[in-house]
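Me: Could you go through this model with me? I'll paste it here.

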Amino acid sequence: MHSSGHQAITKASQTSSNPIQSKPMTLFLSLPQLSPQNIHIHTHTHTHTHHHRSLRLKPQASLPLSSNPPQSNQSSSYSKTGVIVIGAGLAGLAAATHLNSQNIPFLLLEASDAVGGRVRTDFLDGFLLDRGFQIFITAYPEAQKLLNYQALNLQKFYSGAQVYYDGKLHTVANPLRHFWDSLNSLQNPIGSLLDKLLIASNIIRVLTKSDEEIITSNEIPTIDLLRKTGFSDSIVGRFFRPFFGGIFFDKELETSSRLFDFIFKCLALGDNALPANGIAAIPQQLGDKLPPGSILFNSKVVSIDFDGSESESPPSLRLENGDVLRSELGVIIAVEEPEALKLLGEIKPKPKPKPNPKPVRTTVCLYFSADRTQVPVREPVLFLNGSGKGIVSNMFFATNVAPSYGPPDKALISVSLIGMFEDMSDYDLTAEVVQELSGWFGEPIVRLWRHLRTYRIGYAQPNQCPPTDLMKNPRVGSGVYVCGDYLTSATFDGALVSGRRAVEALLRDRVSSSVS
C-alpha cells in the first residue's frame, strides 16, 4: 500500500501502452552546470565494423533526438560528469530532487517510459487505475517537505473503516477525527470496550515518540505487540489483521512493530488520501520539478563495472542498448532490492549487502465499474474483511473518495487481495471476488459490476519482518550508493527519506575526499 520503486507486475488482464524501444543515437540533454564534454556514451553495434556514438549533455537544452550524430572523440575525458541515478521511482526522484537543490549535475535513468516505479496509474475508458492498492497518508513527514499537497488536490478517506463481520458492516472510527462515531461504535462486535480504550492509549503512546525513536526502538512482530498490549483476539482478527495486513500485504502481521508504530502515528496525525489525478501524480510532481532533459527514459542499466578492483573512482554503467556511461561524482542505485543486488553483483570488490532471505510481499488488485446510481454507499470509506473467511482483504469505491477516478456516470471499485493466487486464472479470481462481495452488498448489485482489469503484483513491498535495520548505510562501494524503501520503512515516506540519505552520504564522501 505504501511503497515505491520499480513495481513488478507479472500479469495484468489488459496491458498498458508499451514503452518506446530506445536505439543507440546521439541525445542532447540538459544537466545543470554541466559542460558538453562532461559525459560521453560509447555505443558499440554488433557488426564487423564498430561504430561509436556519443551522448553530449548541453546546459539548458531541450531534448531533441539527432539521427546523424557527430563522431565521438576517443580520448575525451570522463571528468566532472555529475551523478547518475538509476531508477525514477520515489527514491530516485527524491535523490534527484536533493541533488538539484544542491546544484549538483545529475542524470536520472529510468528503464520504463515514465517516472513512478511502483507508483503508477493507468488510464482505461475514462477510469484511473492505480497499479495496486496504494493510499497516501498526509502526515508522512518527509512527504510534507517535498510535495505540494494543494497541487495534488488530495481527496480524503473517512478516518476509520467499515468492517464486514457476521453478515453485517460495522463502523470503526478514529476517535481523534470522528469522536461521536467512535463513541457510537463502542458496543459493536469489532472488539471490546477495553480494546477501544487500548486503541486510544496506543495513539497516545506513539504520539509521544519521535520518528527516529520509533524506527530505532526494540522490535517484535506486530502480532506480538498487539497481544502484549492486551488487545483481544476479536479486534486483532476483525480489525488489525485486515487493516494493517492490507497495508503491509501481510495477513500474519509478522511485520516489524517499528513499521506498525510509524504507520499508526501517521494515521493518528493525518488522513488517508488519493490525489485527484491518480497516485502517479505524486512522482509526476517530483519529476516535473527537475531540469528539462535530466531524465532519460527507456534506459535500462544492465551492469555496473569498475575499471579495476582497486579503483576509487565511480564505476561505469552499461545500458541494455549497449551504451556506456560514467559519472565521476557517484552513482545512486534506486531500484528494487532484487534488481539492485543484481547490479551490485557486478562490482568488484563485492559490497556488503546480502540477499534478503525473507519472501517479498505480493498482491492482486481487481478493478470493476458500475453505474454510480447503483453504488450501495456514498461515503469515502475503506471496507475491511473481518470475517476471517474468503480471499478479499479490503475494497473501496474509489469514485466515492475521488470522483475524478471515473467518468461522471460511472463508479470505480477497487478490490485488494494478499498474495499472488498463481493457481487461479483471472476469470476464476474475478468470479470468486464477485461471489464473495455479493455477500457484503447483495447479489443484485454486485452481479452488475463490470470487470475492468486485474493486476498481479509480484513485488508490492519488501518484507520487513524482524530483524530490520531501518537506518542502513546507503554507501555500498566506492562512489556507489543505494536507496529504496527496503533500506528504511516500506512506505512512500521511507522511499523519499532513503533518496535524501543517499545524497547526504555522497556529499559527505565528496567533502572527505576533497579534504584528504
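Me: Where does Gln464 lie?
Reply: Gln464 sits in the loop between strand E23 (450-461) and strand E24 (475-477), strands (E, at least two residues) and helices (H or I, at least four) being DSSP runs numbered from the N terminus. This is a predicted model, in which local features need pLDDT of at least 70, side-chain atom pairs count only at pLDDT 80 or more, and totals for chains, interfaces and linings use all residues. Residues are numbered from 1 along each chain as its sequence is written, and side-chain values use heavy atoms, with hydrogens and water left out.

Me: Does Gln464 count as buried or exposed?
Reply: Gln464 counts as buried because its relative accessibility is 5%; buried means under 20% relative accessible area, exposed over 50%, and partly exposed in between (1.4 Å probe, protein chains only).

Me: What does the side chain of Gln464 reach at 2.9 Å?
Reply: It reaches the backbone nitrogen of Ala490, and a polar atom of that side chain also lies 3.4 Å from the backbone oxygen of Asp485.

Me: Which residues does Gln464 touch, not counting those up to four places away in sequence?
Reply: Among them are Thr255, Ser256 and Leu259, where contact means heavy atoms within 4.5 Å.

Me: Switching to H9, which residue caps its N-terminal end?
Reply: Ser256 does, with a side-chain oxygen 3.0 Å from the backbone nitrogen of Arg258.

Me: And how many residues of H9 are buried?
Reply: Of the 13 residues of H9, 12 are buried, so the helix is largely enclosed by the rest of the structure; the buried ones include Leu259, Phe260 and Phe264.

Technical notes:
A polar contact is a pair of N or O atoms within 3.5 Å; within protein, one must be able to donate a hydrogen and the other to accept it, and residues adjacent in sequence count only if both atoms are side-chain atoms.
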